[in-house]
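Please look through the sequence and the model below before reading on.

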Amino acid sequence: MMNLKILTSAVKQIQSIVFVFLVQLGLGYIIYNYASKYFNLAFGKSELINTFKNGFDRTVFSDLTHNTQELMYYFGKEVMILVVVYFFLSIFLHAGFIGNIVNENTSIKSYFKNALKLFLPYLGYVILFLIIYFLITIILWYPYTTIFNGYPFSYFDSEKPIVIIGALLLFIQFILTIIVWGLSILTRMTFVKTKSFLQSIKDGITLLKKNILKIVLIGIVLLLIHIFLFALSRWLTDLTLTNFVGYLVITQGFVLLRIFIRVLSYQIFNDKLF
Amino acid sequence: MKKYNLPLIILFSFFMANLHGQCENYTKDQSIKVTNYEMDVYYNDIDKKANCQQKLVWNNFSKDTINELRFYMYMNAFSHRNTTFLKDEDSKIFGQDLETRKKEEWGYIYISNAVDETGTSLSNNMYYDQPDDGNELDSTVLVIPLKKPLLPGESANIEIDFTVKLPRTIVRAGYGKNGYALFVHWFPQPGVYEIDDQGHGSWNCHQFFRSTEFYADFGDYEVSINLPKNYIIGATGCKINEKITSDRQKVTYHAHDVIDFGFVVYPHFDKYTYTHNQTEIEILMPSEHCAFAERYLDAIEKALDFMGDYLGKYPYPKITVIDPPVHTLNSGFMEYPMMITGASFYGIPKSIRTVESLVTHEFLHMYFMGVLASNEKEEPWLDEGFVTYFEDKIMDHYYGEKHSIINLLGYHSGSAENTRIEYTTMDDPSVDAIATPGYEIQGPYKPIIYSKTATMLKTLENIVGEKVMQNTLREFFEEYKFKHPKEKDFRKICDKVLRESDLDLAITIDGFLQDALHTKKTIDFWVEEIEYRNNIAVVRCHKGSNFKVPVTIRVAFASGLIKNYEWNNNLEMFEIIVGVKDPIESIIIDPKFQIQLDLNFINNSYIINQDATKEKAASMKVATFTQSLFEFLTFLF
């Protein structure tokens, strides 16, 4: 059970949490600007933007995307650049958090110091875990996808096993995703003290075995927040000025909560580390 | 939506079907029967061959003396890689590699003997012809010269012994695993002897092409099928007799007023029968698909009800729905008189109604192809296009206009809107005119023949109104049922019905149909930026082509005044000139989106002072979604 000390320690990271939140807000604002420019150019003076903002409409969506492919390509390139920037930024931001928590620092200054110090090794970790993750995914799915390549359906008596195996693989993928995510966190955390790449992986695996339930639980909570935010955007069909502000506050509130939950999880694991 | 207790339905329906024998009481003389058949089939399920005897009566209703009969021998389309059906296909079709196909997996039809009523052999002089492409390797059209010319009003009585070897299913006909076999286009079938407008007669008997299948005369069929006892059979028509011996069964079917006959055999079918408004619905499906039985029933019932009200009563006593097992899924998605093949896949949720839309589509072919037996090879739009139009109507009517096909996790789409999008998102929507013969289509077949036609018909309906459209289609159906209608017949009915209500509209619609059917023109309405000069404002509306289509332009002014301008000519541009005292607030071409053929609805309107909050709201949603997506995708970091 989570004790008050862990919660208090997590709250003490408030400066860093606010900083990361502001970075996310900035990112959101950049995307907002891109989207705004795109809609402005794509819809022009059309009344159909009204239909679009009220919720999903396949006709409008199709007419929009099909007739603005050049625009989409242009903004797609911009977004891709943003993805690359966010890739590095994300490593940096979490390096600051982990460094601060393991070293029991709380200031924003130490946050940056830790982030700078840990960025390169953590980049190595991320690349390693990305490779592991993609390899696992390929090994998991490749034999299955061959069923759909060629004409292997003709060898099956029924499609029922294909569907059930597919569902099972999805579940395994979900569990593996959380495991790799947990391992990625725990190895990075142990690295702060051990400074050894191999040792940290070894320790990370040991810690993962001990904390697997917590990791799965935190993973599910974070996933549920994503699903909630997605559902919220679907439910809210008629954005007026009032619910526009409300929507902004709720979504960004959950962004903040998401960051806090991740800090809290680092704090929980740190408590078990050494 | 109605809910059914499936086990009860099955019990009840077995009982009902056996008690009443719906096939007993129905009209058997609805058509002029040019060709009548009696066939005996002995099926060997080991080597996938059927030895058959056919007694054929072909009636010469023309004023010509006939010297030869021409037959479809379509099973030969699957006899090798270079048939007209297969030669232009990629080496892989439905995932099967045709290049490495085993010899025993090919199929054929072979006539060993044909004699006339005097016992004179006709098989010595028969030969294959390739009237469409001259491909000498194609054996899908057989010519049998008659020993004695057939005078007007006479009948040819011919007995044919033939063998059908089924291919391992490439598409539609053939065999699959565990005994599954679909017999379609499996017997020698005469083409249609047509009389043109000048009174000249000739055979219309095309080779088998990939996309088009049907054009045959109406007739009666009596078909006896002898096969191993453990098989379940589904067929065109009604079962009238059944004899079972120790290891075999012989089942006889009757079908009246139909243009073709097909049957399926499989030992592992579950059979569901049900009666709805005196029509017997028989569903054959593998047991893992049992959850779809209710959905099939529901869809067929809805289609029966809708078409009965809208167009005319389903004229046959029975419909058989075949749901193929997964190993022969490529035999699905098709229609044969009184028998259709659907396609389902274990686990498709009810919120994805592809199963319903497919079975509805195939059932509608009983009207367009089955009863209005147009020439699918030469005028496929009269068949697939009308079917798609009605499929959209039925799906959207019963399941919701923008939700009828998919309604899942906030994503939704309707049948008619999907159809329009399939046309508007083509790489080149102007690649083919609608009224192009099936074998001459250059672009993708389905978006043109199915979707463009259905979208054109929807546009027509929006212009003339639902009631006039219904009257037109009903009259077309009544006038041409059990005949071979052509484009001119449809247009003649359109013109007649429209002239009764609005002469000008009739003329406009004639121009619209001419452009829609015979030109490659497309429509894209858009509004040019308003030009202000002196004390006037000039609005220019564009159409993208000179397509003749009536459309309304709605102009709203600052004072609240709204003016509608009717743009009925075929000019590419329409100019509106107004004073500037009452400034324009908005211009909308086609405010009710009646012209569904319009390639892009986004640019139809021009709002002078666009409300920026709408754009902001849309951008906001995108931003928060992307923000969350980024965070999600970078979970490892």
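Which residues in the largest nonpolar core touch the most other members? This is a predicted model, and in it that core has 164 residues. Those with the most contacts to other members are B:Met75, B:Val265, B:Ile283, B:Tyr296, B:Ile300 and B:Val359. Leaving aside residues up to four places away in sequence, B:Tyr296 touches B:Ile283, B:Val321, B:Gly342 and B:Val359. Another core, of 35 residues, lies apart from the largest one, and its members include A:Ile91, A:Tyr122, A:Leu183 and A:Val255.

B:Val359 leads on to helix H3 of chain B, where it is among the buried residues.

Next come the domains. Chain B is assigned domain 1 (1–22 + 268–350), domain 2 (31–267), domain 3 (387–518) and domain 4 (526–611). The centres of domain 3 and domain 4 of chain B, taken over C-alpha atoms, are 26 Å apart. Their contact takes 13 residues from domain 3 of chain B and 11 residues from domain 4 of chain B. On the domain 3 side, helices H5 (415–424), H6 (445–464) and H9 (503–518) of chain B each supply at least two residues. H6(B) gives the most, with 6 residues. By class, this side of domain 3 of chain B has 4 nonpolar, 6 polar and 3 charged residues.

Methods. Residues numbered from 1 in each chain as written. Chains lettered and ligands numbered in written order. Predicted model: local features only at pLDDT ≥ 70, side-chain atom pairs only at ≥ 80, totals over all residues. Domains from an automatic or database assignment. Contact = placed C-beta atoms within 7 Å. Helix = DSSP H or I, 4+ residues; strand = E, 2+ residues; numbered from the N terminus. Nonpolar A, V, L, I, M, F, W, Y, C, P; charged D, E, K, R; others polar. Buried ≥ 20, exposed ≤ 12 C-beta atoms within 10 Å, placed from the backbone. Core = buried A, V, L, I, M, F, W, Y, C linked by C-beta atoms within 7 Å.
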